[in-house]
Amino acid sequence: MRSRRPRGSRKLLGRQRHPRLALLTFGFYEQEWRRNPGFFGDLIGGAATVAWEHEALFSVTRVGPERDMASFLASVIDERFFDGLLIRVLPDITAADLAPLLAAGLPYVVIKRYIPGMPINCVIVDDAQAACRATAHLIDHGYRRIGLIYPPGAVVGRDRYLGYRLALAEHGLPYDPALVQPTADWFEERGRQALCTLMALPQPPEAVFAAGDQLAVGVYQAAGELGLRIPQDLAVLGYDDIPAAATLQPPLTTVRTSYHDFGARATALLLDLIAHRAEAPQRLVLDAPLIVRGSCGEHERPDTPISLIEG
């Protein structure tokens with residue numbers, strides 16, 4: 001059913017005014033903004049570029065984890081200032097979080113999150129398939145004991161876990177729960193701790209898939225402390241292709257998710273929803289190619305061809 005027009009008019013004194021857009025980030029502590037300037041800079045840059053190309057007014061607000069998302073969105077709606085919202089959340093998003101927007105009919109787009117079983121406006125990647133291709137890349141290099149480090153508290157982490165399981169099953173490899181290390185968050189400290197735990201196993205992994213590049217940075221740190229050479233003693237594969245990935249030694253093979261593209265595509269979709277050029281709900285799935293560098297070794301087997309990008 002077509003969403004009703006949001007409260008407030010986009011006409012001002014008989015003239016069409018510029019669309020007013022806001023990017024709202026929920027659940028991120030200030031330290032995460034400081035640790036990840038590339039993430040947020042690319043996301044904001046992509047969104048702002050498209051907004052300005054369409055002469056839209058654009059603002060950014062960080063909403064701390066102490067604030068309730070639904071009540072904050074209700075207050076934004078009551079102000080009747082914005083024509084549409086871009087939403088980036090750290091934890092999972094729920095139907096209750098979005099309830100004020102759905103009730104008011106205010107256009108929105110959620111970035112990098114979705115609600116299983118509930119159609120919403122979102123821009124995502126297929127994390128399960130991308131993680132499956134990444135794990136298959138390690139298998140194609142000849143590795144059989146592959147560890148996984150991932151945060152199960154977010155749907156993207158759980159999807160990457162599912163992709164890891166799928167790749168093992170498709171290649172006839174057994175699933176060993178001892179090789180899977182759940183983490184509380186995406187920070188490098190968690191990756192460091194997880195690798196230390198994995199390497200203390202009676203049969204440690206030959207390769208590790210870190211479900212986020214920050215986790216992979218922690219894996220590199222722990223490998224150095226343990227005297228392990230990458231990739232000679234341990235292959236490492238990451239996810240996201242943060243700026244640091246290409247500067248690690250050796251450079252990290254990783255799945256690329258472009259935050260600039262997330263921001264740009266989400267903003268273009270939001271403007272289409274505001275102008276009624278698109279009808280909600282809309283789900284856009286972006287590409288997430290594997291960027292092959294030097295952290296998985298040279299002994300690749302050609303059993304399962306995968307479309308790769310050399311970077």
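Contact in this report means heavy atoms within 4.5 Å of each other. The structure is a predicted model, in which local features need pLDDT of at least 70, side-chain atom pairs count only at pLDDT 80 or more, and totals for chains, interfaces and linings use all residues. Residues are numbered from 1 along each chain as its sequence is written, and side-chain values use heavy atoms, with hydrogens and water left out.

**Overall architecture**

The protein has nine helices and 15 strands; helices (H or I, at least four residues) and strands (E, at least two) are DSSP runs, numbered from the N terminus. Of the 311 residues, 53% are buried, where buried means under 20% relative accessible area, exposed over 50%, and partly exposed in between (1.4 Å probe, protein chains only). The accessible surface comes to about 13900 Å², and carbon and sulfur atoms account for 54% of that area. These areas come from the Shrake-Rupley method with a 1.4 Å probe. Among contacts between residues at least 6 apart in sequence, 73% join residues at least 24 apart.

**Helix pairs**

Two helix pairs are described by their axes, which are lines fitted to C-alpha atoms over the stretch in contact, with angles running from 0 to 180 degrees between N-to-C directions. Angles under 35 degrees count as roughly parallel, over 145 as roughly antiparallel, 65 to 115 as roughly perpendicular and the rest as oblique. A crossing is left-handed if the near helix is turned anticlockwise from the far one by less than a right angle, and right-handed if clockwise.

| Helix pair | Axis approach | Crossing angle |
|---|---|---|
| helix 3 (residues 69-79) and helix 4 (residues 95-104) | within 7 Å | roughly 20° |
| helix 7 (residues 188-199) and helix 8 (residues 213-225) | within 6 Å | roughly 45° |

Helix 3 is therefore roughly parallel to helix 4, and their crossing is right-handed. On the helix 3 side, Met 69, Ala 70, Leu 73, Ala 74 and Ile 77 meet Ala 96, Asp 97, Leu 98, Pro 100, Leu 101 and Ala 104 of helix 4. By class, this contact has ten nonpolar residues, no polar residues and one charged residue. Here Ala, Val, Leu, Ile, Met, Phe, Trp, Tyr, Cys and Pro count as nonpolar, Asp, Glu, Lys and Arg as charged, and the others, Gly among them, as polar.

Helix 7, by its angle, is oblique to helix 8, and the crossing of helix 7 and helix 8 is also right-handed. Residues in this contact include Arg 190, Leu 195 and Cys 196 of helix 7 and Val 217, Gln 221 and Glu 225 of helix 8. The contact comprises seven nonpolar, four polar and four charged residues.

**Backbone features**

A cis peptide bond with omega of about -5° joins Gln 249 and Pro 250. Pro 250 is placed in the loop between strand 11 (235-240) and strand 12 (253-256). Another cis peptide bond, with omega of about 0°, joins Ala 280 and Pro 281, and Pro 281 lies in the loop between helix 9 (259-274) and strand 13 (283-286).

Asp 240, although not a glycine, has a positive phi of about 120°. Asp 240 belongs to strand 11 and is buried, at 7% relative accessible area. His 276 is likewise not a glycine and has a positive phi of about 60°. This histidine is found in the loop between helix 9 and strand 13 and is partly exposed, at 33% relative accessibility.

**Gly 157**

Gly 157, in helix 6 (residues 155-170), is buried with a relative accessible area of 0%. Leaving aside neighbours within four places in sequence, Gly 157 is in contact with Tyr 150, Pro 151 and Trp 186. Gly 157 and Gly 212 are 55 residues apart in sequence, with a C-alpha to C-alpha distance of 8.6 Å.
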